[in-house]
Each structure stands twice: as structure tokens, then as C-alpha cells.
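Welcome! Open your viewer, get ready to select residues by number, and follow along one stop at a time.

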Amino acid sequence: MTLELFASHEPRRQPLAPGAAILRGFATTRADALLDAVDALVRHSPFRHLVTPGGHRMSVAMTNCGAWGWTSDTSGYRYRDEDPETGRPWPAMPPVFAALARDAAAELGFDDYAPDACLVNRYVPGSKLSMHQDLDEADAVAPIVSVSLGIGATFLWGGARRSDRAVAFDLSHGDVVVWGGASRHRFHGVRPIAEASHARTGRVRINLTFRRAR
Ligand code: MD3
Ligand code: FE
């Protein structure tokens, strides 16, 4: 008899550090609804390639929903309550987003997680995110919840210093990561995305990153 450690419908949990874990497949049953909500919100605030303070155009295209949206331009990084492209507030956080983030955070013991910002990242093969820290959030206690959809990515998870060795792990469609505790301020990045195609998204990876920004 085969010993089934994990029934296929049950998400597997991979602990990373105190307060941080990968929840494999946690978003799988809600993936279509999440992607439908992305399609709806980009009709209001389209994906765009932001420019870094150093003047580089990012290979990842971004947009936001919720009360606050993360933006970058040559004057710096910051959260804004309006989309600078449209001059209007960011689209509201879709209920399916808020519920997923809340449920995932609760798996790690973060009760009543209510993110006020969701950065939506769109990668195509070749897009990458260089090693960086997320330091623009006022609330350093609340976790970040990230949801991977579409084609896969290799995530790099470093240490407190840029020079610290990073560990690599793959994130697939439906995987959710909850980053709480001290891991909140570790360096991290995404390797250049490999050529691939996904039945629902085509040659695209979507990453939803929920935060408490303000
Ligand atoms: C680990 N995005 O948008 S999300 C970002 O896959 C970002 O699009 C990546 O890093 C992506 O800033 C990774 C996961 C994530 C977010 C914040 C973290 C991982 C983190 C903060 C500390 C450590
Ligand atoms: Fe980040």
C-alpha cells in the first residue's frame, strides 16, 4: 500500500523560518477567480513598466489594487493612494483577493490579516527581479503574502545582508508564501523567468503580493 503523506487536494506546508512558510497549492482552487479579478482590475489600472530611482525600466510590469499602491520613479519608491497613470484611486481589493490573503496568513497564526495594498507583478520569459529588500511598508509586523499564478519562477531568498548567500526554490501556479517575523526584511529576488506556457495565462507569470503598507 502506498503511504500517502499528503492527499493531493491538501496543500503541503514547507516551513522556511519562524513565521514564514510555503503553502504549496493553497490558491489552486481559487486561481481562476483570482486571474479573472486581475483581468478586471487591469482594465482600470493597466500594467506598466516602472522606472527605478536609478533610471532603469523594470522588466516586470506592475499594477496595484487596494487603498495603497507601490510605485517607483526617478524620485524614489513610495506608496500612493492614487494611480499616477490614471489620476484615480487604485481599484478596490477584490473580495477573492482579500479572502485568500486572510486565509493564508491565518495558516501561520496571523489572525485577521487585512492587507491595504496588493502589488500585482506580471512576468514574461526573461523578466527578473533583482535582489532587494521590501522596506517601504510602515507595518513591519504584519506578514507579506505572495501568490504565484501561471508559469513558474525560481525565487531567491537571501539574508539580512546583500552579500549573504541566497537559497533558491521554485514557485508554481497556486503556491502561496507567507513571510512573517524576521524574514520580512531579508533580501530576495526572482531569477530570469524560463520560457514556458501555462494553460490559463500563456507565457505569463502573475504574482500577487499583499502587504500592510500604512
Ligand atoms: C521575502 N515580488 O514585489 S513575492 C516584490 O515573485 C517581490 O513577484 C516577488 O519581491 C515576486 O517586492 C516575490 C514574495 C516576497 C515578498 C516580500 C518579501 C518575498 C519576500 C519580503 C521578505 C522576504
Ligand atoms: Fe520584494
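**Stop one: the metal**

Select the iron ion (ligand 2): His132 (NE2), Asp134 (OD) and His188 (NE2) coordinate it at 2.0 to 2.3 Å. Donors here are N, O and S atoms within 2.8 Å of the metal (3.2 Å for Na, K and Ca), and since water is not among the atoms, sites may look incomplete. Along the chain, the donors of the iron ion (ligand 2) are spaced H-x1-D-x53-H.

This is a predicted model, in which local features need pLDDT of at least 70 and side-chain atom pairs pLDDT 80 or more, while totals for chains, interfaces and linings use all residues. Residues are numbered from 1 along each chain, chains are lettered from A and ligands numbered from 1 in the order written, and side-chain values use heavy atoms, without hydrogens or water.

Now colour by accessibility (buried is under 20% relative accessible area, exposed over 50%, partly exposed in between, with a 1.4 Å probe and protein chains only). Is Asp134 buried or exposed? Asp134 is buried, because its relative accessibility is 9%. His132, at 22%, is partly exposed.

**Stop two: the core**

Next, select Phe97, Val147, Val176, Ile206, Leu208 and Phe210, which touch the most other members of the 31-residue largest nonpolar core. Such a core is a set of buried Ala, Val, Leu, Ile, Met, Phe, Trp, Tyr and Cys residues joined through side-chain atoms within 4.5 Å. Finish by zooming in on Val147: its contacts (heavy atoms within 4.5 Å) include Ala27, Leu34 and Leu100, leaving aside residues up to four places away in sequence.
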